Amino acid sequence: MDWVISDELSLTVGQIVGWGSAGAMIIGGVIPYIPQYRQIKKTKDAEGFSLLVCLALLIANTLRVLFWFGKHFEYPLLMQSIIMTVTMFAMIHLCVQTRNKSELQQARRRIFTASSQEVVRLKLLSAKPRPPQRIIIDFDAKNFWNWSDFQSYLDCMLVFTIIASLLMYLFIEYIIFVELIGFLAVFTEAMLGMPQLIKNYRSRSTEGMSLSMVVLWTCGDIFKTLYFILRDAPMQFWVCGSLQVTIDMLILLQVYIYRGNSNSNRFGPHRID
């Protein structure tokens, strides 16, 4: 009788741990972006956050969803991709809104306390025509993923999703193609920290980047990689997860190296145009 109770208790504990791990996988990926979202909303400054991170995650999770149709994996990973996609669009919407407001208010800044010459200069500046809006139909490679309207980002990802879905539908019977889609999905996600790593290196500063976000990135990626290994996920998942943890560690190292750099360094010769 005791062994029956023991088996039932261990089964219950195992189920609770499994459900908890699955729940952490579903929502754990979006938690690191909550501090960054709040920081941008509070400071009205989105310059420290690279939208290329959103691009990498949108591509990765779109491909992961398509990979699921070719080779089924656990539902928590599928749900995580859907939730992450929604989160990235929310981040893009906030950044675009913040940057547009900043550009509109820039010419009127400091008029109250400015000298008479400064007032004249700012009035002349505000009288100049506003810079043209950058949208997706301009087909300007220089402004790719740097558009000034949210709809352009939606349109771009819609086109990508349609093309990728069509290719998956045509080649779903070819296991090599399906495995390639899976590899591209997790490899793209593994490289999501690279734009931030490069941005920090060029500006010689991590100002504007949420340290909490990177710490949560690292903890989440370590947990995710262990989850992949313990749950026998496809090899692409845990290999690229290990790469992702390495990049997170390098960004944390940048925080230590550039800790003494002030805001002035951010607009120095290494600024990204």
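## Contact of α6 with α7

In this predicted model, Leu167, Met168 and Phe171 of helix α6 are in contact (heavy atoms within 4.5 Å) with Phe177, Val178 and Ile181 of helix α7. By class, the residues of the contact of α6 with α7 divide into six nonpolar, no polar and no charged. Ala, Val, Leu, Ile, Met, Phe, Trp, Tyr, Cys and Pro count as nonpolar, Asp, Glu, Lys and Arg as charged, and the others, Gly among them, as polar.

Helix α6 covers residues 150–171, and its axis comes within 9 Å of the axis of α7, crossing at roughly 150°. That makes α6 roughly antiparallel to α7; angles over 145 degrees count as roughly antiparallel, under 35 as roughly parallel, 65 to 115 as roughly perpendicular and the rest as oblique. Axes are lines fitted to C-alpha atoms, for helices over the stretch in contact, and the angles run from 0 to 180 degrees between N-to-C directions. The crossing of α6 and α7 is left-handed, a term for a near helix turned anticlockwise from the far one by less than a right angle, with clockwise counting as right-handed.

## Basis of the values

Residues are numbered from 1 along each chain as its sequence is written, and side-chain values use heavy atoms, with hydrogens and water left out. Local features need pLDDT of at least 70 and side-chain atom pairs count only at pLDDT 80 or more, while totals for chains, interfaces and linings use all residues.

## Overall composition

The protein has 11 helices and zero strands, and its pattern along the sequence is α-α-α-α-α-α-α-α-α-α-α. Helices (H or I, at least four residues) and strands (E, at least two) are DSSP runs, numbered from the N terminus.

Of the 273 residues, 38% count as buried. Buried means under 20% relative accessible area, exposed over 50%, and partly exposed in between (1.4 Å probe, protein chains only). The accessible surface comes to about 16,400 Å², and 67% of this belongs to carbon and sulfur atoms; accessible areas come from the Shrake-Rupley method with a 1.4 Å probe, and for residues only the protein chains shown count as cover. Among contacts between residues at least 6 apart in sequence, 78% join residues at least 24 apart.

## Two further helix pairs

Helix α8 (residues 194–203) packs on helix α10 (residues 235–257) at an angle of about 25°, with the axes 10 Å apart. The two helices are therefore roughly parallel, and their crossing is left-handed. On the α8 side the contact holds Met194, Gln196, Leu197, Asn200 and Tyr201, and on the α10 side Ile247, Leu250, Ile251 and Gln254. This contact has six nonpolar, three polar and no charged residues.

Helix α2 (residues 33–43) and helix α9 (residues 211–230) pack at about 170°, with their axes 7 Å apart. These helices are therefore roughly antiparallel to each other. Tyr33, Pro35 and Gln36 of α2 make the contact with Ser212, Met213, Leu216 and Trp217 of α9. By class, the contact of α2 with α9 has five nonpolar, two polar and no charged residues.

Threonine 87 is found in helix α4 (residues 75–106). With a relative accessibility of 19%, threonine 87 counts as buried. Leaving aside residues up to four places away in sequence, threonine 87 touches Val30 and Tyr33. Tyr33 is also one of the α2 residues in the contact with α9.

Glutamate 189 belongs to helix α7 (residues 175–190) and is buried, with a relative accessible area of 7%. Not counting residues up to four places away in sequence, glutamate 189 touches Leu57, Ala60, Arg64, Lys224 and Gln244.

## Loop residues

Most residues other than glycine have a negative phi. Lysine 44, not a glycine, has a positive phi of about 60°; this residue lies in the loop between α2 and α3 (51–70). Lysine 44 counts as exposed at 57% relative accessibility. Tryptophan 145 also has a positive phi, near 60°, and sits in the loop between α5 (116–127) and α6. At 3% relative accessibility, tryptophan 145 counts as buried.

Arginine 231 lies in the loop between α9 and α10 and, at 48% relative accessibility, counts as partly exposed. Arginine 231 and glutamate 74 are 157 residues apart in sequence, while their C-alpha atoms are 9.2 Å apart in space.
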